[in-house]
Amino acid sequence: MASLVLPSFFLPLSFLAFAYAANNNSSTIPNTSPYEFIFHVGDSLADTGNLVRLPNANTTYRADHYPYGRNYFGEPTGRFSDGRLTIDYIAKALNLRLLKPYLQKEAKFSHGVNFAVGGSTVLRSPYYETRNISMPTYNRSLKVQHGWLTTYLKATCYTLQNCSKVLGKSLFMFGEIGGNVYYQAFSQGKSIEEVKTYVPYIAKAIVKDYDEFGCLKSCNEFAMYHSDYLERALSILKLEYPDVAIHYGDHYGSFKSILECPGHFGFHKKSILKACCGIGGPYSYNEDRVCGTYEVPSRSDSAKYLHWDGIHLTEEAYYYVAENLIRVILAKEFQCLQ
């Protein structure tokens, strides 16, 4: 059985996405529905309701409050957007049901599980503590989510043979994850040069200089630095596992293409950097008065906005990000290697 890997890097602020797929033994996989299960780990860009179910999680962004989830669901679901996320569109493209969050104990996980938790990091908290970076107490690192995944598979597969059958029909998504540590480090006064020293570890396991889109050049350069390092690491991985098809999904490029021609995608050019749900300043964003809190307004035409709450994207934006990932997932290269 061959396996496939799809990593991607996405940085409206800074986010890392990594995906792994294990395909079945069929030499011909129909593009309509090549998988029966999806298992997902990641952060708030993929969280479908885990963080809001953690006890005593004192979060800034209240994805359990309206107007989060107002599109499609009609109510908050724990997703950090006005509606669906990239993973929801991927599930739909694969003709699978939307993933339930792992911490929704009453849920039936008939087609996979979502382990992603908002605010999560790649590495565990002690790594950041030694560098004087404070992390939220609700941080559930990649290792913790991997533990949940292992526990779930052991509890449901029972035998190695049964697990092989499940894994052979499964898509494993690792990401988006990685951006929270950069966000925390920058917000706590760490320099870009210092934060660059974190990148090798994360790949393994602000200035007043704006570009033509109104984005910080230094942050763009940092995103590209991270992407280049990750791609080099993947090149080594390809040599180590010649029977694995590895793909790099460029979320950063997808995001930039929208900024270059927002009207083509149906977004308002004048509000391309503004939050749909927010208040204050030129970007409708105030970290002390965020979306979902008292008297913070949201615009009714969220499909015309790229940014939902100033940190996360709108449902419409996630649709276009998902399109590029879906193309890779359904590509011929994502079939078993002979």
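Tutor: A disulfide here is a pair of cysteine sulfur atoms within 2.5 Å. The model under discussion is predicted.

Student: Which residue does a disulfide join to Cys-277?
Tutor: The structure holds 1 disulfide. Its S to S distance is 2.1 Å, and the cut-off is 2.5 Å. The partner of Cys-277 is therefore a residue whose sulfur meets that cut-off, namely Cys-291.

Student: Is the link of Cys-277 and Cys-291 right-handed or left-handed?
Tutor: Cys-277 and Cys-291 are both buried. The angle about their S-S bond is 90°. With that angle, the link is right-handed.

Student: How many residues apart are Cys-277 and Cys-291?
Tutor: The disulfide joins Cys-277 to Cys-291. Both cysteines lie in the loop between α9 (251-260) and α10 (315-329), and their separation is 14 residues.

Student: Is strand β3 (residues 37-41) largely enclosed or open, and how many of its residues are buried?
Tutor: Phe-37, Phe-39 and Val-41 point one way from β3, while Ile-38 and His-40 point the other way. In a regular strand the side chains alternate between the two faces of the sheet. Both groups in β3 are buried. The strand is therefore largely enclosed by the rest of the structure, with a buried count of 5 of the 5 residues.

Student: Which residue of β4 stands opposite Phe-39?
Tutor: β3 pairs with strand β5 (residues 170-175) in the parallel sense over 5 bridges, and there Phe-39 stands opposite Phe-172. β3 also pairs with strand β4 (residues 112-114) in the parallel sense, over 3 bridges. In β4, the residue opposite Phe-39 is Val-113.

Student: Through which helix does the chain cross from β3 to β4?
Tutor: β3 and β4 are parallel partners. The crossover between them is of the β-α-β kind and is right-handed. The helix on this path, residues 86-93, is α1.

Student: Which side chain does a polar contact join to that of Arg-84?
Tutor: Arg-84 lies in the loop between β3 and α1, and it counts as buried because its relative accessibility is 14%. Beyond four places in sequence, its contacts include Tyr-72, Tyr-89 and Tyr-318. The polar contact, at 2.7 Å, is with the side chain of Glu-315.

Student: Which peptide bond is cis, with omega near 15°?
Tutor: The loop between β3 and α1 contains Pro-67. That proline takes part in the cis bond, which runs from Tyr-66 to Pro-67.

Student: At 77% relative accessibility, is Asn-56 buried or exposed?
Tutor: Asn-56 is also found in the loop between β3 and α1, and its phi is positive, about 60°, although it is not a glycine. The cut-off for exposed is over 50%. At 77%, Asn-56 is therefore exposed.

Student: Which strand has the lowest confidence in the protein chain?
Tutor: The mean pLDDT of the chain is 80, and the highest value, 96, belongs to β4. Over residues 1-31 the pLDDT is below 50. Where pLDDT is low, the predicted coordinates should not be read in detail. The lowest mean, 35, is that of residues 3-10, strand β1.

Technical notes: Residues are numbered from 1 along each chain as its sequence is written. This is a predicted model: local features need pLDDT of at least 70, side-chain atom pairs count only at pLDDT 80 or more; totals for chains, interfaces and linings use all residues. Side-chain values use heavy atoms; hydrogens and water are left out. Buried means under 20% relative accessible area, exposed over 50%, partly exposed in between (1.4 Å probe, protein chains only). Helices (H or I, at least four residues) and strands (E, at least two) are DSSP runs, numbered from the N terminus. Two strands pair if DSSP finds at least two bridges between them. A crossover is right-handed if, with the strands pointing away from the viewer, the path from the first strand over the helix to the second runs clockwise. A polar contact is a pair of N or O atoms within 3.5 Å; within protein, one must be able to donate a hydrogen and the other to accept it, and residues adjacent in sequence count only if both atoms are side-chain atoms. Contact means heavy atoms within 4.5 Å. pLDDT is the predictor's confidence in each residue, from 0 to 100.
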